[in-house]
Amino acid sequence: MSSHSPHKPVNAGRRHVLGALGASILAGGAGKAVAQSLGFPAPPAGLGKRPYPNLLRPMNDGPRKFGYAIVGLGKYAVNQILPAFAECEYAKVTALVSGDINKARRLGKHYGIEESHLYTYDNFDKIAQDPEVDAVYIILPNSLHADFTERSFRAGKHVLCEKPMAVTVEECQRMITAGKKAGKKLMIGYRCHFDPVTHKAIELARTSIGKPQIITTDNGDNTDPTDPTYQWRLTRSLSGGGALMDLGIYGVNGSRYMLNEDPIEVQATIMPPSDPMFREIDETIVWIMKYRSGAVAHGSASFNVNAMSRFNLQGTDASLRMDPATSYWCNSVSHCTTGDTHTWSTPMFTIPALNQFSAQLDHLAISVANNTPLAATGEEGMQDVRLIQAMYQSAHSGSRPVSTDWGDWRKTI
């Protein structure tokens, strides 16, 4: 175990710069033959190809050693992850994987990646013979995380997988077991664990508010059904759930690291959908999490509100307000006492603004090089999925409380 608190994000081995969703939809039938030959379910057909997102920033050159293959070239990969390699000290992008080979070629040309390092979902397993790839970063719909993680481990690569880790606890355990069998590291993409403003908020929560009593978390977005980024999120077979899986996970995980403990009971309610497009998934969900310390968390997540991400933590001596709390940039935290407020924030659209992404990419490289513990392990990811599944259990059983007093998950690492 690391000497750091298990819920405290770290930024070890990097310069500490103060600075601050998408996934790739598989083309119809792409990867079906390979998936079936390995015993995995075939991806759904007829989803169509993704449009080519605009680039935000060019990538700089540098002597980085640790090579990533990016699997899935949607908005998040193109506009956040790929540009973030420009700031990495140790990591670089060396391969691309997409259901649209033309998109991969265009991005490969921009990032200096030769055709021999471009893969489709059909020939993905050939990545095992690519010496330039040390790790695979999986940025696919949630239901594909487990299968591609196992395939990556079989190829002998380390894995960084986007959150939520998977759609079931059983899939999470498969991923963890596969990594241990392969002798490779599994990291989950909790980018906020590497955000300096989040670090500051945790420091204040531990030292400057007294005893934490109540935390409120709200995360929402306004769904655009014409945007391919949202289309797979509205399909339960791909997403595994709705607003809770996609946005609420920030509140679930954030409550845990802000309070530095896990809840022992959850209770949730799914609100009736306001639009038929939400018929398969939860459009809006609210919940309560109770903690052994006596603290309580109130949370909400919605696909039908103005985009926002907000945390409020009330203590016996002071309170903290984060608004936005988990954005890609411009996050802020305010320490509030009677008549006195101090605020820390990050600039928007400046070079350090993507620091949380580049820090995350470098963290796996550092951990592999030094054989040091990861800050965001598979076990951490599985705990969030267990809590989310418990919330769904509560919501589907008349909002009855569900015990989550499962003991200390950290002892399994």
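## A hairpin first, then a helix

Start by selecting β13 and β14: they make a hairpin with two residues between them, and glycine 339 in the turn shows a positive phi of about 75°. Strands here are DSSP E runs of at least two residues, helices are H or I runs of at least four, and both are numbered from the N terminus. This is a predicted model, where local features need pLDDT of at least 70 and side-chain atom pairs count only at pLDDT 80 or more, while totals for chains, interfaces and linings use all residues. Residues are numbered from 1 along each chain as its sequence is written, and side-chain values use heavy atoms, with hydrogens and water left out.

β14 covers residues 340-345 and pairs antiparallel with β13 over six bridges; two strands pair if DSSP finds at least two bridges between them. Now pick histidine 335, which sits opposite histidine 342 in β14. Histidine 335 is also the bridge partner of leucine 320. Next up is β12 (residues 319-322), antiparallel to β13 and joined to it by four bridges.

Color by accessibility and select residues 332-337: five of the six residues of β13 are buried (under 20% relative accessible area; exposed is over 50%, partly exposed in between, with a 1.4 Å probe and protein chains only).

Now jump to helix α5, residues 169-182, and find glutamine 173 there. Glutamine 173 counts as partly exposed because its relative accessibility is 36%.

Finally, zoom out: the chain has eleven helices and 15 strands, and 57% of its 413 residues count as buried.
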